[in-house]
Amino acid sequence: MNRTRKSSSTDYVTRFVLLFLALYALFPLYIAVSASLKSRADLFANPLGLPKELYLSNYAKAFETGNLKQAFFNSSLLAAGTVLGILLTAIPAAYALAKIPLKSNSLLVGYYFFCTTIPQQLFIIPLYLTFSRFGLTNSLLGLILIYIAVFSPFSILLMRSYFVGIPNELIEAALIDGASMFQAFWRVVFPVARPGVITTVVIVSMWSWNNFLLPLTFLNQEQVMPVTVRLGMLMGKWSAAWELIMASAITGALPIAILFALLHRRFIEGLASTGLKG
Amino acid sequence: MLPPLTRNMRKLKKSKKWVAAFPFLAPALILNIGIIMLPSMATVFLAFFEWSGLDIPQFVGIRNFVTVFADPLFLKSLTHNIVWTAIFITVPVAMGLAGAELLRRTRKELFQPIYFFPVILPVVVIGLIWRYIYHPTRGLGKVFGVSPLGQPSTALYAIAFANIWAWWGFLCAVFYSATQSISKDLYEAVKLDGATGWQEFRYITLPQIAPTLIFMEVMTIIWSFQVFDWIWVTTQGGPAGSTELLATLLYKKAFYAYKMGEASAIGVLISLFGFAGVGLYYYLSQKGMEV
Amino acid sequence: MTKGLWMGILVVFLLSQMWTVAIAQEKIKITWWYESVTPEYLEAMENNIAKPFEALNPNIDVEIVVKMNLLEVLRTAVVAGEGPDIVMTMGPAEANRYAKGGFLLPLDPFIEEAGLDKEFPSLALDVGKVEGKTYSLPKTFESMGIIYNKSLFDAYGWKPPTNRDEWVALCEAIKAKGILPVAGGNVAWRPTNEHYVTVYINHYPGPQVVYEALIGQRSWEDSLFVEAIEMFKNDFLTYWPEFGTYSALDAPDFVPMVATRKAAMLVVGSWAFQWLVDPAYWPSEDQWGWAPFPSLREGVEYPFVDIGIGTTLSVNKNSKYPEEAARFLIWMLSNKEMIAKMLKDFPGEWIVPVDIPKELVPPEVDPVFFEHVDTQNELLKQGAYGYTTWTFLGPETWQWCYEGIEEVWFGNISAPEYMKKWNEVFQKELQAGVVPPVPPRK
């Protein structure tokens, strides 16, 4: 009796803590969403409360006058291209590092680790000088190449630890059947590794959607600007109209939020199996 | 450290392994070296020159490093980075651990995506939301009469608080998923011995997820020295330099003060701090192996 | 392998979408990167500047592109041999750097051809000179002054101050009514601090003293400067918003404070007029007024204005069509009809230092703004002008000017210490030749 009572009281504490953490996570979002639904006067008079009346028109206005359509398209292309590039370069590399034993492997893992310590500001200017020679500034393709290079070290480290956990027998069976190393990877390992791949895809698309400094520097024309840079411009333009800023900010974050909502279960699964142990 | 060899692969000759590995490794490596390593090395090179960004660079040896270290603002920024690192290797990690452990125990997985949600939002967006929340005449300030971002004594902590909000959910997800691969039997065993919840955490969860924990701590150290976006969208290093960090100082040196050489020197130092973090990681994981 | 096929199709599709490298153009295209502005202002520039020029020159296209972080992005691009045809900078210090680096085209022949050297005050051309050649022209000639709520002033019978005693009496009277004398904030632009340093450093010692310091004949450690900073520190702590609020407020916050009588004045430059005409910034029926800043010491002249150059325009040396770009630039700085229209459509950011005949001025131009522009031009002609810190200091002195002053407010350093470092950095930059040239005073 005593024991159950005690555990139920700690249970309450546990639930309370969980709930409290959830409120902490949601409170700023509540502020943002409620601000985006208020009229300007309502927002000024009553910054933290619920809206008196729902001003959904803020969203329409933000989307229209903010010219977010093109920006959405650009961001989607950037994310898709980057994900594709990571799938084609970083994931095979992680596979080789995990499954083809070479002395140089630990050196390469160290190299990629080192790459994560390099701040973006360190290479931006020389890189810009180089890219402009090849006509890769102002081009989404150029930016995608940069994203792939910047995000690949973390992706490789993540996926390598995932591939390490896949039994060698699988690959061997394929190799004995006469498959090439690439076929073994593509037909056998890749499908098994799907949860890990999904995790990587979510992280990479999140990073490429959210990046600010790189597109700001490398894209100079409005028609190629992604959502984050566009939002930054709107901040200056609407600096007095917080309800519009909030509406456009929420709109800008929506696609990535939906992606996460669809994939979060698998994302956590994948995270579990990589274990992120480096 | 190398993964277990497959029997087939072990039999292959070294040269053959190279042939097999090359197409897998080359594309990523070539992109990475071309886009990150070579330009970074160019900047490291630049750290030994005086260059306004618009004139011809002049070789000055290690003078830029000497100037940087003699600059009180550099030392101030470095201190801020250290404070920042100290906050981030403890507070969000503790929150993440607590969240993960409680989730593991209660299996209330519903909370998981809620905690994680702030992580996925762009910094441009959440920086704005927090600027609004902290606003002295609109958000909290209007209600409570405070201005957390306006006071030099609180600004850094106010930004850290906001950044923790957007970050701890990631740690929680990582730790939680790490606990999922711990054998249930272990917990059953200690439960039979009458272990308390704390003991379960202390003697089972913590040691079992230690590798993940160490990895995340090291990544935290590395990232803490690179923080830029958060500061830039909220305070730009002010008020009174109270939120100046190495990365914002680098930016100002490069673009406001026309000192590309000094900026590069700071960039090199940021990398070195991160590199020290990696070294620490290897040291800790070696030590972990021995135990 | 259907998966592979799909992948292939996706790759082809993405590549075709991403390849946005411009296709060769038959028409001559002149590009001009502009800093972040609202679509309305951009439209005004397109209608008043780009389109009329294109109508006159049917083979030329003018493309105005809005760029965030123009300073950084422009520099990276121009150094790479790229960038727009028209190089716009935030002042002569930056423009002269570009010129010294050999990135700009000398404009003298075009200036002479158009007679702009007779039209512009010599000061405007002199600060953009490097080794005797002119590389940049001012687009925005601005000055510091006081913008106040005129309706509020009238209601209490207050007058704009002309000297120190009146200034103090006015601020005290405002405070006694429970109103904040001066509204301001620096969260979005930390260098805002320098606007106030500028007025105190000019209006206490007087512009002649500043001139002597700028050409290296007088030390910045001079007691007149130190006293100016001490006076500013006291005034700032008494009449401005409390620092915690000040450093979290932005123009959309502090301008409405004046409109709604929570505060009485702004100590601000010409750019503020673009805020006043926007109801989001000025949400009341009250009238606004403008006046030069008072003199702060016995014997210092009144009135005079602290002149600055907010924006300069130059031609990129790597431009494909330098000649056309230069002609476009000269055209837009000499076409008075267009400049007058811009006074209406983009108040405060288009103040070209030429005399504009009254009949060209559209009736919608805010009369207070026009009075400001007129007074500024008139005072400039008389030689009654001071020096803004953002136009006449080297970059490092400039940075210290607005960063160091916060340390003074906090009492971390004293006014003499602040001016001592100012002087050290300034002399170093003067030696290095990165201080913009200062034309002699009358």
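User: What makes domain 1 and domain 2 of chain A separate domains?

Analyst: The model is predicted. The bounds come from an automatic or database domain assignment, and that assignment gives domain 1 as 2-55 and domain 2 as 66-274. The centres of domain 1 and domain 2 of chain A, taken over C-alpha atoms, are 33 Å apart.

User: How many residues of each domain of chain A take part in the contact?

Analyst: Contact requires heavy atoms within 4.5 Å. Domain 1 of chain A contributes 7 residues and domain 2 of chain A contributes 7 residues.

User: How do you know what kind of atoms the area between domain 1 and domain 2 of chain A is buried on?

Analyst: About 550 Å² is buried between the two domains of chain A, and 70% of it lies on carbon and sulfur atoms. The count of salt bridges between these domains is 0. A salt bridge needs a side-chain nitrogen of Lys or Arg within 4 Å of a carboxyl oxygen of Asp or Glu, so a count of 0 means that no such pair was found between domain 1 and domain 2 of chain A. On the side of domain 1 that touches domain 2 of chain A, the residues divide into 4 nonpolar, 1 polar and 2 charged.

User: What share of the residues in chain B is called buried?

Analyst: Buried means under 20% relative accessible area, and 60% of the 291 residues in chain B are buried. Chain B has 15 helices and 2 strands.

Note on methods. Residues numbered from 1 in each chain as written. Chains lettered and ligands numbered in written order. Predicted model: local features only at pLDDT ≥ 70, side-chain atom pairs only at ≥ 80, totals over all residues. Heavy atoms only, no water. Buried area = accessible area lost by both parts, 1.4 Å probe. Nonpolar A, V, L, I, M, F, W, Y, C, P; charged D, E, K, R; others polar. Helix = DSSP H or I, 4+ residues; strand = E, 2+ residues; numbered from the N terminus. Buried < 20%, exposed > 50% of the residue type's maximum accessible area, 1.4 Å probe, protein only.
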